[in-house]
Amino acid sequence: MESDERRRFEAVVLPHADAAYNLARWLTRDADAADDLLQEAMYRAARYFHSLKGVDARPWLLGIVRRTTYDWLRNRKPTIPLDLDLHDNGDEALDPMAVVLGECRQEDVRQAMESLPPALREVIVLREVECLTYQQIADVIDTPVGTVMSRLSRGRQQLQILLAPTMDAEK
Amino acid sequence: MNCQQVRQLLHAYVDGELDLVRNVEVEDHLKGCTECSKLDKGVRSLRSTIATQAPYFRAPRELCVVPESTFANPKNRRHFFTGNLATTLALSLLIGAISFSGGLFLNSGQSNQRLADAIVAAHVRSLQVEHAVDVVSSDRHTVKPWFQGKLDYAPQVIDLSKQGFKLHGGRLDYLIDRPIAAVFYYRRSHAINVFTWPAISDKDAPVRKKSTQGFHIRSWQQSGMTYWVISDLNDVELDEFVNSLREIPPQPTGGPE
């Protein structure tokens with residue numbers, strides 16, 4: 001027999017389960033880990049469901065799964081270089097962003113995204129895949145909006161470099 | 001608007017995050033600038049590539065099922081310190097008793113009673129393995145900054161390992177719908193929760209003691225902060241803990257820690 005609370009939980013929180021799982025998958029790059037982390041996140045969400053009052057459920061749930069996932073990531077490796085950038089080629093004249101990408105294979109896009117450091121990867125996923133606003137992303141990752149903007153532009157820059165091989169050929 | 005300004009705003013422009021005025025300014029600039037236009041097209045093509053080609057991982061439905069007992073029902077929980085069966089049973093009875101709590105009178109106010117009940121409930125909740133702390137560390141330099149951005153005040157986090165109290169970590173707890181800093185210590189198998197938040201008045205208030213439902217509670221006000229400490233640790237040792245905590249005055253923000 002279902003309680004009222006469970007019914008409300010299912011109506012309010014469950015619709016965002018895919019978003020939560022997707023984020024865990026992208027952050028861990030591991031399907032089994034993502035399974036466990038989603039389950040743990042849903043458990044925590046149910047436990048703290050009473051504290052979700054008038055707050056948008058999607059960033060709330062994403063925040064929970066993100067924190068759960070980072071705990072897991074930290075336990076696997078003592079230090080995650082959260083802010084590691086790909087080496088900047090320093091060639092200011094040729095902005096990688098000034099190129100329209102040709103056809104990219106799914107596999108190339110997936111690998112490019114997976115190669116980003118987690119701090120940049122998560123902002124890309126939340127903006128490009130989940131279409132959250134800057135403020136919502138800031139709420140999920142617990143930083144000011146300015147940080148979201150800088151990580152987003154760096155993430156996009158690095159993806160562009162990875163996905164536009166013609167740039168390398170021209171150098 | 002010049003090219004440099006537009007480049008700064010370009011991503012926000014593409015994401016529709018600019019206010020109307022700047023949106024129009026960027027748009028106007030792009031109409032007349034081929035270089036910046038290329039960048040605009042580049043960002044859009046990247047976005048479109050990701051949107052169409054990046055795999056989206058959907059949640060297996062069976063993982064979203066949560067046991068009914070999870071919903072605000074204190075029974076059927078795993079416990080932090082799995083002692084012997086007797087301890088576990090005693091704790092279960094205790095959890096059941098909380099819904100009939102007789103109240104706690106540190107002063108005679110109704111709201112104080114509700115607060116004390118909430119403290120006991122929060123403490124018991126934290127005795128479950130995965131709910132003790134959100135940041136796990138015995139280093140106060142890790143725990144204290146964790147609260148930044150989550151609360152509009154910085155709780156004191158003190159190292160009391162020399163006094164024989166181990167810092168386990170911290171978490172946000174919700175007392176009467178308000179997020180509060182909770183710092184978790186333990187001595188032997190006894191969990192100690194320290195809840196702190198900014199006091200309404202600046203006046204210090206002396207330590208008040210009370211015991212209820214097998215827990216000992218201390219509360220006081222010091223240097224503009226309200227403290228509530230709760231544990232099943234005996235009175236004598238809990239006083240030791242409280243005295244150690246009170247001995248160290250709060251550091252001004254920005255000062256050496």
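**Reading the model**

Tutor: B:Asp235 is found in helix 7 (residues 235-247) of chain B; helices are DSSP runs of H or I with at least four residues, numbered from the N terminus. This is a predicted model, in which local features need pLDDT of at least 70 and side-chain atom pairs count only at pLDDT 80 or more, while totals for chains, interfaces and linings use all residues. Residues are numbered from 1 along each chain as its sequence is written, chains are lettered from A and ligands numbered from 1 in the order in which they are written, and side-chain values use heavy atoms, with hydrogens and water left out.

Student: Which residues does B:Asp235 touch?

Tutor: Contact means heavy atoms within 4.5 Å. Not counting residues up to four places away in sequence, B:Asp235 touches B:Ser211, B:His216 and B:Arg218. B:Asp235 and B:Ser211 are 24 residues apart in sequence, and their C-alpha atoms are 9.0 Å apart in space.

Student: How does B:Asp235 count in terms of accessibility?

Tutor: Buried means under 20% relative accessible area, exposed over 50%, and partly exposed in between (1.4 Å probe, protein chains only). B:Asp235 counts as partly exposed because its relative accessibility is 33%. B:Asp40, which lies in helix 3 of chain B, has 11% relative accessibility and therefore counts as buried. The contacts of B:Asp40 are B:Leu10, B:Tyr13, B:Val14 and B:Leu30, not counting residues up to four places away in sequence.

Student: Which residue forms a salt bridge with A:Glu130?

Tutor: A:Glu130 pairs with A:Arg58, the closest N and O atoms being 3.6 Å apart. A:Glu130 lies in the loop between helix 6 (118-129) and helix 7 (134-141) of chain A, and A:Arg58 in helix 4 (residues 57-76) of chain A, so the pair ties together parts that are 72 residues apart in sequence.

Student: At what angle do helix 2 and helix 6 of chain A cross?

Tutor: Axes are lines fitted to C-alpha atoms, for helices over the stretch in contact, and angles run from 0 to 180 degrees between N-to-C directions. The axes of helix 2 of chain A and helix 6 of chain A come within 10 Å and cross at roughly 150°. That makes the two helices roughly antiparallel, a term for angles over 145 degrees. Residues of helix 2 of chain A, including A:Trp26 and A:Leu27, meet residues of helix 6 of chain A, including A:Val125 and A:Leu126.

Student: Which residues touch the most other members of the largest nonpolar core?

Tutor: A nonpolar core is a set of buried Ala, Val, Leu, Ile, Met, Phe, Trp, Tyr and Cys residues joined through side-chain atoms within 4.5 Å. Of the 76 residues in the largest one, A:Phe9, A:Val13, A:Met42 and A:Met113 touch the most other members. Apart from it lies another core, of 42 residues, among them B:Ala118, B:Val143, B:Ile192 and B:Phe215.

Definitions and conventions
A salt bridge is a side-chain nitrogen of Lys or Arg within 4 Å of a carboxyl oxygen of Asp or Glu. Angles under 35 degrees count as roughly parallel, over 145 as roughly antiparallel, 65 to 115 as roughly perpendicular and the rest as oblique.
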